[in-house]
Amino acid sequence: MDFDMESIEKRFIKYNQNNIILTGEQIDILNEYEIDYTQCKSMNELINLIERNIDDDNYEDLDYLSMQLAEVNYYHNTN
């Protein structure tokens, strides 16, 4: 079995501040769209910032990322 270490490493958490937890893959997507996640003070703020950048169907990866983060946020804040 052949492993691609670069793709495996992108799935590790690379950012964990202000209750915002992001993997390398998620950071790559945010950087691609020039979304500065480091300025956000909460996961909700980041999700809202992403949502403001989604304006048509050409942003499937951003839409998917927004759904991922919303799910993480929900489970993180629900006991």
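Which residues in helix 2 meet which residues in helix 4? Q26, I29, L30 and E32 in helix 2 meet D61, L62, L65, Q68 and L69 in helix 4, where contact means heavy atoms within 4.5 Å.

## Basis of the model

This is a predicted model, in which local features need pLDDT of at least 70 and side-chain atom pairs count only at pLDDT 80 or more, while totals for chains, interfaces and linings use all residues. Residues are numbered from 1 along each chain as its sequence is written, and side-chain values use heavy atoms, with hydrogens and water left out.

## Confidence

The protein has an average pLDDT of 85, and 84% of the residues score at least 70; pLDDT is the predictor's confidence in each residue, from 0 to 100. Among the elements of the protein, helix 2 has the highest mean pLDDT (94), and helix 1 (residues 5-9) has the lowest (63). Where pLDDT is low, the predicted coordinates should not be read in detail.

Helices (H or I, at least four residues) and strands (E, at least two) are DSSP runs, numbered from the N terminus.

## Helix 2 and helix 4

The axes of helix 2 (residues 24-32) and helix 4 come within 10 Å and cross at roughly 130 degrees. That angle makes helix 2 oblique to helix 4. Angles under 35 degrees count as roughly parallel, over 145 as roughly antiparallel, 65 to 115 as roughly perpendicular and the rest as oblique. The residues in this contact of helix 2 with helix 4 are five nonpolar, two polar and two charged. Ala, Val, Leu, Ile, Met, Phe, Trp, Tyr, Cys and Pro count as nonpolar, Asp, Glu, Lys and Arg as charged, and the others, Gly among them, as polar.

## Helix 3 and helix 4

Helix 3 (residues 43-53) and helix 4 (residues 60-76) have axes that come within 10 Å and cross at roughly 160 degrees. The two helices, helix 3 and helix 4, are therefore roughly antiparallel to each other.

From helix 3, M43, N44, L46, I47, I50, E51 and N53 meet L62, L65, S66, L69, A70, V72 and N73 in helix 4. By class, the contact of helix 3 with helix 4 has nine nonpolar, four polar and one charged residues.

## The hairpin

Strand 1 (residues 13-17) pairs with strand 2 (residues 20-23) in the antiparallel sense, over four bridges; two strands pair if DSSP finds at least two bridges between them. I13 has T23 in strand 2 as its bridge partner. The hairpin of strand 1 and strand 2 has two residues between the strands, and N18 takes a positive phi near 55 degrees.

Methods:
Axes are lines fitted to C-alpha atoms, for helices over the stretch in contact, and angles run from 0 to 180 degrees between N-to-C directions.
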